[in-house]
Amino acid sequence: MMLNTLKFHFLKKNAMGMNQRCLWQWIDDNFNRFDEDRIKEIGPNLACAEWLMKNGAQVRWKGCKEFVSHYDCLPSVTSSNPGQFLIEQVHAGKEASISHIGFSYFENCKNISDIEFVGCNTIDNEALNKLNILKDYLTNLKINGCLNVSDQGIMSLEQLKALKYLELKNLQFLIKPEAAIGHLKTKLPECNIQYNE
């Protein structure tokens with residue numbers, strides 16, 4: 001019943017000339033919705049992996065060389081020890097639609113040390129700010145071609161005190177890149193920061 005009401009709401013707005021982006025935004029928001037009960041059921045790493053893969057991202061488990069990208073390839077909770085699957089690396093490319101709404105899934109994923117956002121346009125300043133959840137664990141971060149990232153988001157990375165390597169590329173909406181990079185170099189003196197326009 002609720003779904004039909006929502007469908008009617010969107011159809012009514014679209015009939016009035018509203019952009020269809022609202023529908024896609026609603027879908028993205030629902031796929032990124034945080035589900036605390038799921039974490040209690042299967043643990044933080046498997047719940048986070050489910051969220052990431054459901055939204056087109058990939059994960060690499062600790063001790064494995066290959067990324068897992070298909071949702072159906074997740075380990076079964078009943079046939080394995082869920083505690084043995086620990087996310088170490090995350091890759092979100094152009095096909096991914098992860099957003100800040102789901103970043104709470106990163107909580108208690110203490111082995112995530114490496115994240116790459118490559119052409120992922122759902123990554124924005126708010127998402128980068130919420131990476132502070134991983135401030136004690138994240139050592140490598142690459143942000144390349146994410147169109148919704150500006151100076152504000154880049155400067156918020158100062159919270160990531162464990163960061164050793166930061167690569168920033170093709171960020172078109174940096175107004176004062178030198179100031180943002182200089183700010184980060186001051187706040188993160190142990191981090192190797194690479195910036196290419």
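R60 and E88 are both buried (buried means under 20% relative accessible area, exposed over 50%, partly exposed in between, with a 1.4 Å probe and protein chains only). Their side chains meet in a salt bridge, at 2.9 Å from N to O (a salt bridge is a side-chain nitrogen of Lys or Arg within 4 Å of a carboxyl oxygen of Asp or Glu). R60 lies in strand 1 and E88 in strand 2, so the pair ties together parts that are 28 residues apart in sequence.

This is a predicted model, in which local features need pLDDT of at least 70 and side-chain atom pairs count only at pLDDT 80 or more, while totals for chains, interfaces and linings use all residues. Residues are numbered from 1 along each chain as its sequence is written, and side-chain values use heavy atoms, with hydrogens and water left out.

**Overall build**

- The protein has seven helices and six strands (DSSP runs numbered from the N terminus: helices are H or I of at least four residues, strands are E of at least two).
- From the N terminus on, the elements run α-α-α-α-β-β-β-α-β-α-β-α-β.
- Of the 197 residues in the protein, 41% are buried.
- Among contacts between residues at least 6 apart in sequence, 72% join residues at least 24 apart (contact means heavy atoms within 4.5 Å).
- The protein exposes about 11,000 Å², and carbon and sulfur atoms supply 51% of that area (accessible areas come from the Shrake-Rupley method with a 1.4 Å probe; for residues, only the protein chains shown count as cover).

**The sheet and its helices**

- Six strands form an open sheet in the order 1-2-3-4-5-6, with mixed pairing (two strands pair if DSSP finds at least two bridges between them).
- Strand 1 (58-61) and strand 6 (192-196) are the edge strands, and each pairs on one side only.
- From one strand to the next, the twist averages 5° (axes are lines fitted to C-alpha atoms, for helices over the stretch in contact, and angles run from 0 to 180 degrees between N-to-C directions).
- Strand 1 pairs with strand 2 (residues 87-92) in the antiparallel sense, over four bridges.
- In this pairing, R60 stands opposite Q89 in strand 2.
- Helix 4 (residues 44-54) lies across strand 1 and strand 2, and runs at about 150° to strand 1.
- Helix 7 (residues 177-187) lies across strand 5 (165-169) and strand 6, and runs at about 170° to strand 6.

**Aromatic pairs**

- The structure holds seven aromatic pairs (rings of Phe, Tyr and Trp, the last by its six-membered ring, pair if their centres lie within 6.5 Å; planes under 30 degrees apart count as stacked, over 60 as edge-to-face and the rest as tilted).
- The ring centres of F34 and Y105 are 5.0 Å apart and the planes stand at 70°, so this pair is edge-to-face.
- This pair links distant parts of the chain, 71 residues apart. F34 sits in the loop between helix 2 (21-31) and helix 3 (36-42), and Y105 in the loop between strand 2 and strand 3 (114-118).
- F34 is partly exposed, at 32% relative accessible area. Y105 counts as buried, at 3%.
- W51 and Y105 form a stacked pair, with 5.5 Å centre to centre and 15° between the planes.
- W51 lies in helix 4 and Y105 in the loop between strand 2 and strand 3, so the pair ties together parts that are 54 residues apart in sequence.
- W51 is buried, as is Y105.
- One aromatic cluster is formed by F34, W51, F103, Y105, F106 and F117.

**Other salt bridges**

- A search of the whole structure finds five salt bridges.
- R38 forms a salt bridge with E41, and the closest N and O atoms are 2.8 Å apart.
- Both R38 and E41 lie in helix 3, three residues apart, about one turn of the helix.
- R38 counts as partly exposed at 23% relative accessibility. E41 is exposed, with a relative accessible area of 55%.
- K142 forms a salt bridge with E116, and the closest N and O atoms are 4.0 Å apart.
- This pair links distant parts of the chain, with K142 in strand 4 (residues 140-144) and E116 in strand 3, 26 residues apart.
- K142 counts as partly exposed at 28% relative accessibility. E116 counts as buried at 16%.
- Salt bridges that share partners join R38, E41 and E50 into one network.
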